[in-house]
Amino acid sequence: MAHLSLYRQYRPDSFDKMVRQEHVVRVLKNQIEKKTVGHAYLFTGPRGTGKTSVARIFARAVNCEKPENGSPCGTCKVCRALLDGSLDISEIDAASNNGVNEMRDLRDKVQYPPVSGKYKVYIIDEVHMLTDSAFNALLKTLEEPPRHAMFILATTEPQKLPATILSRCMRLDFKLIPTEDLVKHLKSILKEMGTAYEDEAVEAIARAGAGSDRDMLSIAEMCLAYADKLTYDGVTSVLGAADFKETCTLAGQLVAPDLSSALATAEKILSAGRSVGVLCRDVLQALNMIAIAKACSNAESLLMIPKEHFRLVSKIAEVADSRSILRVTDIFVRLEPELRYATSPRISFETAVMRAALPNADLDLDALAVRVAGVEKRLSEGVTLLDAAPIAKPISRGQINSEVLKSEVREEEPPFDAGDFPMEEPIFDCEEPPADEMKKAEKVEKEKKNSPKPQELILPLPKNASAETVFGKFMRALRKTGSNGVLYTMCSDLEFFFEGETLILTTESDTIYRALIRDDHTKTMKEVFGSLGFVYEVRQKGAKTEVKHGIGELEQNFSGYTVQVKEK
């Protein structure tokens with residue numbers, strides 16, 4: 001007898017042997033027991049989750065003379081006939097029989113009654129591969145089939161089916177199988193085969209199956225061909241994964257971050273012949289393990305990896321910052337699809353390593369958060385940002401003002417203004433002053449509050465200053481004095497530009513325009529702009545303004561001629 005693959009050899013032949021999918025099995029069992037079987041079903045879900053297996057079991061169960069708990073008994077005359085091969089159950093691969101002629105042929109054959117059972121069942125696998133004409137040929141038969149006909153459609157992509165087909169079927173969705181159930185299933189098979197195994201190896205195979213029982217059994221068959229005993233190292237070798245210790249070390253160097261060590265480790269792994277895509281996937285898996293170890297108290301039971309591997313992951317998680325783990329993971333998640341189209345995958349991978357291990361050179365917000373977290377960590381450890389520099393002497397408000405004036409002389413835009421600091425001198429004292437001095441200080445403080453505030457010095461700006469700079473300085477000057485709050489509010493929405501050496505302020509509102517040209521506001525604005533070394537003009541947007549602006553351009557462009565304006 002020819003060798004059978006594991007997934008074929010251990011394909012379930014009853015509902016009780018199915019791995020999970022309880023929600024689907026329960027619906028089908030109840031329909032069989034209550035004899036309310038429908039005529040059209042749609043099984044959807046990821047590959048390898050049992051769609052075809054359940055379809056075959058259900059097809060035999062509806063024809064069984066005495067089903068046991070909803071499953072075929074396997075002993076009656078009909079069950080034996082169906083096991084030997086019968087025309088009553090037909091499997092059609094829609095990927096290779098997707099034309100309209102095949103569906104017309106099915107429509108003709110469906111009229112014939114079953115040979116041995118009650119139903120003639122048609123299982124159409126990968127039904128989404130049918131052409132539009134084939135769907136149209138199937139549609140009428142699917143809607144009103146003969147009483148003895150039943151259709152079971154299976155697909156991984158239900159969104160590709162026409163709505164007219166979907167509406168005529170009972171849809172049952174299959175789910176991915178949890179890793180824990182895959183582990184139990186594989187262990188039961190290995191025990192039946194008499195094969196020795198390591199628990200970590202079985203768990204690694206189950207994780208690689210990614211929720212698919214068929215994929216897991218295919219991987220297990222490869223690993224069994226590699227060695228008589230299933231070992232964790234053997235499984236990682238078959239899967240082409242990099243050494244776990246090296247991969248975790250690289251992940252730890254990325255979240256540390258340590259660029260030189262990370263590049264050296266990546267170079268070592270890639271030089272050993274590892275695929276860039278596989279290494280990227282392994283790094284993501286290591287980062288995921290570090291994140292779980294960082295966040296979960298039961299991480300060891302969740303990860304299901306050898307104890308020495310878990311100790312390494314836990315050690316990295318203890319010193320790693322959560323923001324850093326998230327940022328590095330995001331970088332490699334984005335890298336994985338990019339590698340498919342990269343002309344130099346190795347350079348792309350090393351670029352991602354540099355971006356991950358150099359948060360100081362990255363302008364991304366996540367990189368900024370990582371840098372801030374590093375500063376917070378140093379502060380929590382008692383390390384000051386200035387390396388324990390001596391404490392400065394008490395700073396008075398007068399000193400702050402003098403520093404601000406110096407910064408205004410040095411820069412066009414000072415980083416702060418004295419008015420932004422609502423503090424009075426001294427900011428702090430090293431020791432409490434005597435009672436007499438405190439009374440004197442209170443008296444001086446009262447005199448300061450009652451006396452008018454001196455006019456703050458506004459330095460002129462250079463003539464080549466931009467319109468934004470001049471207008472911004474003007475607005476800050478208005479903000480410093482509480483008496484100009486209304487004027488400050490009106491000027492907030494003004495548009496501004498230079499016309500020669502004059503700063504033009506424009507508004508569409510007639511009310512604001514009339515208010516700005518009042519004598520009191522004009523006086524204040526002239527004083528401020530004059531102290532800055534500029535002149536200004538307020539204009540109202542509209543036809544008159546455009547005419548005036550056009551006349552000015554004519555006079556400037558034709559300075560040798562006299563321009564006369566005639567009003568109608």
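**A friendly note on a sheet and a helix pair**

1. Let's begin with the sheet. Three strands make up an open sheet, ordered E6-E7-E8, and their pairing is mixed. Its edges are strand E6 (495–499) and strand E8 (535–540), each of which pairs on one side only. Ignoring direction, neighbouring strands in this sheet are turned by 30° against each other on average. Please keep in mind that you are looking at a predicted model.

2. Now look at one pair of strands. Strand E7 (residues 502–507) and E8 run parallel, and six bridges join them. To find one of these on screen, pick Leu-505: its bridge partner in E8 is Val-538.

3. Which helices pack on the sheet? One is helix H22 (residues 467–480), which touches E6 and E7. The direction of H22 makes about 125° with that of E6. Another is helix H25 (residues 519–532), which touches E7 and E8. Here the direction of H25 makes about 140° with that of E8.

4. Next, turn to a pair of helices. Helix H10 (residues 213–226) packs with helix H11 (residues 232–239) at an angle of about 115°, and their axes are 9 Å apart. Because of that angle, H10 is roughly perpendicular to H11. The crossing in which H10 passes H11 is right-handed.

5. Which residues of H10 meet H11? They are Ile-219, Met-222, Cys-223 and Tyr-226, and their partners in H11 are Gly-234, Val-235, Ser-237, Val-238 and Leu-239. Sorted by class, this contact between H10 and H11 has seven nonpolar residues, two polar ones and no charged ones.

Key:
Residues are numbered from 1 along each chain as its sequence is written. This is a predicted model: local features need pLDDT of at least 70, side-chain atom pairs count only at pLDDT 80 or more; totals for chains, interfaces and linings use all residues. Side-chain values use heavy atoms; hydrogens and water are left out. Axes are lines fitted to C-alpha atoms, for helices over the stretch in contact, and angles run from 0 to 180 degrees between N-to-C directions. Helices (H or I, at least four residues) and strands (E, at least two) are DSSP runs, numbered from the N terminus. Angles under 35 degrees count as roughly parallel, over 145 as roughly antiparallel, 65 to 115 as roughly perpendicular and the rest as oblique. A crossing is left-handed if the near helix is turned anticlockwise from the far one by less than a right angle, and right-handed if clockwise. Contact means heavy atoms within 4.5 Å. Ala, Val, Leu, Ile, Met, Phe, Trp, Tyr, Cys and Pro count as nonpolar, Asp, Glu, Lys and Arg as charged, and the others, Gly among them, as polar. Two strands pair if DSSP finds at least two bridges between them.
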